[in-house]
Amino acid sequence: MTSKKVILDWLVVSVTGATGGGKSELCTYLYKNFPSTCRLLRQDDYFLPEDSPKHVKCSDAINHFNWDILTALDMDKMFADVEEIITTPPVFQEKKKITYTNMVTDGKASKPIPDVETPNASGIVNDSCVSLRRPVLILDGFCLLDDLKIREVTELSFFFELSREECNRRRNLRNFDPPDVPGYFDECVWPMYEQYRDRCKQRYKNELNLVFLSGNSHLNNVHSSILSQIVEFAN
């Protein structure tokens, strides 16, 4: 047990994998189509400030922090927010605004996602909104499963894979703060992704329901399939 608090019947779904693989668009799609009891947390919102002493340099050759490892994030704060949600009874509430300014869609740089619609009194966002018995918490992040506490509460996880070439191409379409420096992809982004993917395939898949997906697949087909799988778990 990760906490002394009583964990209620929330379904925690973690969406993870390669940068530019389609995580954020999937999470937005799910969030828009689930009832307004649904919650969404993004790992990118928990990066430590640049002046944090916890940061690790990429290498002697690159004067840049490694932002692609777990220690670059305040995971204690993220899990505290997770815990607060899953130990609290779900309520219908207006959905929060979602803004992904650097997302890649079908291999192309996308415009910021517009704000989600405001649900009506019944909690329905649009006509396609599905009905769920259990409330759903969606977690969006590139290395979520490296955190033991996140793994322990995750019941279902989806991992987007990409080839090195496609991952690099898509990343070059995006803007980051701080921006990538020359050599960062080769020194940090890709090696960290490969190591994380291997841990997921060799270890983490034995601890939870972990589904591997191709980030090159047509996103509409992927979205509908994942929506169906989550509905099955949540009902």
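Strand pairing first: I count two strands as paired if DSSP finds at least two bridges between them. Helices (H or I, at least four residues) and strands (E, at least two) are DSSP runs numbered from the N terminus.

Before going on, I note that this is a predicted model, where local features need pLDDT of at least 70, side-chain atom pairs count only at pLDDT 80 or more, and totals for chains, interfaces and linings use all residues. Residues are numbered from 1 along each chain as its sequence is written, and side-chain values use heavy atoms, with hydrogens and water left out.

**The sheet.** I looked up β1 (residues 11-17) and β7 (residues 136-140): they pair in the parallel sense over 5 bridges. Within β7, valine 136 sits opposite leucine 11. I then traced the open sheet of 5 strands, which has parallel pairing and the order β2-β7-β1-β8-β9. Its edges are β2 (39-42) and β9 (209-214); each has a single partner strand, so one side of each has no neighbour in the sheet. Neighbouring strands are turned by 20° against each other on average, direction ignored.

**Helices on it.** I find α5 (residues 184-202) packed on the sheet, touching β1, β8 (156-161) and β9 (contact means heavy atoms within 4.5 Å). The α5 direction makes about 140° with that of β8. Angles run from 0 to 180 degrees between N-to-C directions, with axes as lines fitted to C-alpha atoms, for helices over the stretch in contact. Helix α6 (residues 219-234) lies across β1, β7, β8 and β9, at about 165° to β8.

**Cysteines.** How many disulfides (cysteine sulfur pairs within 2.5 Å) does the structure hold? I get 0. Cysteine 38 is buried at 2% relative accessible area, and cysteine 167 is buried at 1%. Buried means under 20%, exposed over 50%, partly exposed in between (1.4 Å probe, protein chains only).

Definitions and conventions:
A disulfide is a pair of cysteine sulfur atoms within 2.5 Å.
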